[in-house]
Amino acid sequence: MALIRIERAVKRYGDVLALDHVTLGVDRGACLALVGESGSGKTTLLRTINRLTELDGGHVTVRGRAVDAVDPVRLRRSIGYVQQDGGLIPHWTCLDNAGLVPALLGHNDPAERGRDALHAVGLDPAVFAGRYPRELSGGQRQRVAIARAMAADPDILLMDEPFGALDAITRNEAQQSFAALRESAGVTAVFVTHDLREALRVATRVAVMRAGEIVMESAAGDIVRNATGYAAELLEKSGVAQ
Amino acid sequence: MTGRRRRAGVVLPVCAIWALLATAGGAGAQTAPIVVASKPFAESYLLAEAFAQVLESHGYAVDRRPGFASTELVFQALLRGDVDVYPEYTGTGLAAILGETAAGSSAEVFRRVSDAFLERWGVRWLPPLGFENTYAIAMRRAAADSLNLRTLTGLAEAAPGLAGGFSPDFMGRADGLDGLTAAYGIEFRETRSLLQAVKYQALAEGAVDVIDAYSTDGAVSRYDLTVLADDRRFFPPYDAAPLVGRAFYDDRPEAVLALARMAGRIDVEAVRRANERIEVDGAPVGEAAARLLVDIGLAEGVREDAGDVGGVPVHNADRSVLLALPAYMWTERTELARQIGRHLLLVLASLGAAILAALPAGVALERRRSIAEGVIRAAGLLQTIPGIALLAFMIPVFGIGAAPAVVALFLYSLLPIIRNTYTGIVEAAPDAVSAGRALGMTEVQLLTRIRMPLAAPVIMAGIRTAAVINVGTATLAAFIGAGGLGDPIVAGLALSDPVMILSGAVPAAILAIFVDWGLARAESLVAPSGLRS
């Protein structure tokens, strides 16, 4: 059974139908990329999983339980989250940022977990623990954000354009180290990107969205063979299909 | 943030204000001192002081509240019972308070105001003191001679080439500039509002050509002026008399009788001499009043301890102001210290209440952004009300003294604190807030651990702005009897004494600079360390 299950999800913003009866499942251990252009509804869909978006229709279940039956604060603490700009708390050190969720959960060793998490994303705690976000490069900040999302060992990780703000070289490194980290941690991940190449590099499955609908979903390896219509167009645009 | 906490943010300052109100009006009615007030010019100070000394010589305790900004303010305070008695002029009562233009003889006007005031408000005019102080429209003698002007009718022809300078009170009232220009068809090239303290100076230097003088203030002869005759009898008679509040009249008949015995005793020569003692010789108001009472046989000799206004002697403008100031401030150091303390109390009470109200309001608005703009605009509207007007609005509700001043200063402080709190919270690292929320921080945690620490310097800047505005605006509170550093400023303006004005203005300015500096330090101290470079 799927770890995350979205059924006939509907979300309206005024007259705009941001999600149009979307159905999707994510199996345990998978890494799903939601791909699409701006306004296609991919971020809205991602945020239904930890109830940052409340649905107007349909259901989302996580670990077999309907999310609207769970306290949203508890739900969010059990799911890692990374956003494009990192969203680090500017007046907290890297260690305080990394240890946020363990501290919120009342773990007795948030600093220890924060250190482990920094180490896991390749930042030496001895160097970085006491630094403030403004003292880091963009790539380092994004690593701290990933460390913060992973520090409490969640089984699910949500990411919204996590590498979007990085320059090309930093992005490549970040993608590779993230893919390795995800595999070793065994975390189930859903991430949003507008970059099909990135999706293919990092994800095990890809869902292509357009105007609030999933127009195609496939294993990452089969996408070139399976793509038709809009998905094929996207592939061509991003230079993946030859 | 819970509803309970939000309510506490409103309740606390209200409690603070009520506490102040209670202390302001707490004394028992029978033992309460008699409150004697005046308007902000030398003769009004003089007569009020004379009333006070007469009452004291009969064994009554007196609370002096001189220098109310205008007729409207002091009359309102009288109606409320906050003031028991003040010197008024029958013509002012007729034109400025009753809004009537029909004049007549002195006796007719006195009868008219006596009947009307008693019937409408239960307020009584005691019999006139015995002299009239009318407006005298005056020019430099040389200028009047060169234009061959002797009457106001003549002035109407020459006015398009002349500039007028008039006291604010005169410009605003029915028996003042508007009525006068309408009655004679006078149109000046320009008119300016000039305080008593600078009016004669401006005329002497030629900055203006025509002013409103008082017939009893001695300036007409001192500055060699020509008074233009009121040939169409526009001005009503202005007989000076004590105006007495209802409760005072009913409850303290003996004290009222003591004042009534002054009737007809002060002639125009006696009052002119007393005015000159104050304005030309620089005598303290208390001493001039005491001499006046001796002159008219109401006191035996000049008391050395004559309770003068604010305990300060008057300086005249001829002396070098800057040289005289340090010595004067040293002599008055006890009084100044008291005024500074009082000033700080006004500022701190109002600022504290404003922080308690505006900080939670600014935080709450972040959750209701749709109405935030409207609320901030409303607070901004409060700030556009001129200080003295806002203070005047407070009198019908809160009376005179500290309470209305604190409420007015409180209202002034709201905008900078609400606006900065709201802006600071909204603009505090929105990406960190959204990430924190996505990771399971509660709204309270987002507020206390991210937003407030980041907004703290911005909020502190708002408090700093409010504090500096308050230190300045609190000087106006003296106009409604609240005390503070405005006292010497108001008295100095009324008595044309620049040294006295500066003895209040300089400490107020230093206080403002000091408060600004101190809160600027606080602003950098509350900035989270991670943000400092």
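Figure 1. A residue is buried if 20 or more other C-beta atoms lie within 10 Å of its own, exposed if 12 or fewer, and partly exposed in between, with C-beta atoms placed from the backbone. Domain 1 (33-131 + 238-311) and domain 3 (334-531) of chain B each give the core at least three residues; the domain bounds come from an automatic or database domain assignment. With its neighbours within four places in sequence left aside, B:Leu46 is in contact with B:Ala274, B:Asn275, B:Ile278, B:Val285, B:Ala288, B:Ala289 and B:Leu292. Contact means that the C-beta atoms of two residues, placed from the backbone, lie within 7 Å. In soluble globular proteins, nonpolar side chains tend to be buried together.

Residues are numbered from 1 along each chain as its sequence is written, and chains are lettered from A and ligands numbered from 1 in the order in which they are written. This is a predicted model, in which local features need pLDDT of at least 70 and side-chain atom pairs count only at pLDDT 80 or more, while totals for chains, interfaces and linings use all residues.

**Figure 2. Domain 1 of chain B against domain 2 of chain B.** The domain assignment of chain B gives domain 1 (33-131 + 238-311), domain 2 (135-227) and domain 3 (334-531). The C-alpha centres of domain 1 and domain 2 of chain B lie 27 Å apart. Their contact takes 18 residues from domain 1 and ten residues from domain 2. On the domain 1 side, helix H2 (42-57), helix H4 (90-97) and helix H14 (268-279) of chain B are the elements that give two or more residues. H14(B) gives the most, with six residues. By class, this side of domain 1 has eight nonpolar, six polar and four charged residues. Ala, Val, Leu, Ile, Met, Phe, Trp, Tyr, Cys and Pro count as nonpolar, Asp, Glu, Lys and Arg as charged, and the others, Gly among them, as polar.

**Figure 3. The contact between chain B and chain A.** Chain B contributes 17 residues and chain A contributes 18 residues. On the chain B side, helix H21 (430-438) and helix H22 (443-473) each supply at least two residues. H21(B) gives the most to this side, with six residues. By class, the side of chain B that touches chain A has eleven nonpolar, five polar and one charged residues. The predictor gives the complex an ipTM of 0.92 and a pTM of 0.75.

**Figure 4. Strand S6 (residues 79-82) of chain A, covered on both faces.** Helices (H or I, at least four residues) and strands (E, at least two) are DSSP runs, numbered from the N terminus. A:Ile79 and A:Tyr81 on one side of S6(A), and A:Gly80 and A:Val82 on the other, are all buried. In a regular strand the side chains alternate between the two faces of the sheet. S6(A) pairs with strand S7 (residues 156-160) of chain A in the parallel sense over four bridges; two strands pair if DSSP finds at least two bridges between them. A:Met159 in S7(A) is the bridge partner of A:Val82.

**Figure 5. The loop holding A:Ala203.** A:Ala203 lies between helix H9 (196-202) and strand S9 (205-210) of chain A. A:Ala203 counts as buried because 24 other C-beta atoms lie within 10 Å. A:Ala203 and A:Leu32 are 171 residues apart in sequence, yet their C-alpha atoms are 5.5 Å apart in space. Beyond its neighbours within four places in sequence, A:Ala203 is in contact with A:Cys31, A:Leu32, A:Ala33 and A:Ala220.

**Figure 6. Helix H23 (residues 486-494) of chain B, mostly covered.** Nine of its nine residues are buried, among them B:Asp487, B:Pro488 and B:Leu493. Just after H23(B), B:Ser496 takes a positive phi of about 55 degrees.

**Figure 7. Stretches of chain B with pLDDT under 50, including residues 1-29.** pLDDT is the predictor's confidence in each residue, from 0 to 100. Chain B averages a pLDDT of 85, and 90% of the residues score at least 70. Over residues 1-29 of chain B the pLDDT stays under 50, and the model has 38 contacts for them beyond four places in sequence. Residues 302-318 of chain B also have a pLDDT below 50, with 56 contacts in the model beyond near neighbours in sequence. Where pLDDT is low, the predicted coordinates should not be read in detail.
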